[in-house]
Amino acid sequence: MSQATAVLDRFLEPVRQFLTPALARELASFRADAQTQARVDELARKCNEGSLTRAEQAEYEAIVEEADVIALLQAKARAFLINREL
């Protein structure tokens with residue numbers, strides 16, 4: 001885990017206190033809609049090909065950072081659900 005991710009993880013820790021089992025399940029199963037996923041796939045393909053414009057590079061970097069936040073929230077939701085089952 002990178003230093004920035006570790007800081008973000010600690011920053012988001014209080015979110016657990018607001019979770020209910022239903023909300024945690026919804027958050028854990030959240031996926032981007034088809035249109036958004038298609039755009040991410042397109043940008044990822046262009047990034048791998050080295051053909052992103054500057055604007056697309058900035059957009060792709062923002063998406064990756066936002067995806068990190070969502071992934072951390074989902075991890076917290078999954079941990080919440082696991083701890084409730086123990």
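User: What does Lys 46 touch, not counting residues up to four places away in sequence?
Analyst: Lys 46 touches Ser 51, Leu 52 and Glu 56. Contact here means heavy atoms within 4.5 Å. This is a predicted model, where local features need pLDDT of at least 70, side-chain atom pairs count only at pLDDT 80 or more, and totals for chains, interfaces and linings use all residues. Residues are numbered from 1 along each chain as its sequence is written, and side-chain values use heavy atoms, with hydrogens and water left out.
User: Which side chain makes a polar contact with Lys 46?
Analyst: That of Glu 56, at 2.7 Å. A polar contact is a pair of N or O atoms within 3.5 Å; within protein, one must be able to donate a hydrogen and the other to accept it, and residues adjacent in sequence count only if both atoms are side-chain atoms.
User: Is Lys 46 buried or exposed?
Analyst: Lys 46 is at 16% relative accessibility, so it counts as buried. Buried is under 20% relative accessible area, exposed over 50%, partly exposed in between (1.4 Å probe, protein chains only).
User: Where is Lys 46 found?
Analyst: In helix α3. Helices are DSSP runs (H or I, at least four residues), numbered from the N terminus.
User: Which residues of α3 are buried?
Analyst: Leu 43, Ala 44 and Lys 46. They pack against α4 (54-85).
User: And what is exposed on the other side of α3?
Analyst: Ala 34, Asn 48 and Glu 49.
User: New topic. What follows α3?
Analyst: Gly 50, with a positive phi near 75°.

Conventions: Helices (H or I, at least four residues) and strands (E, at least two) are DSSP runs, numbered from the N terminus.
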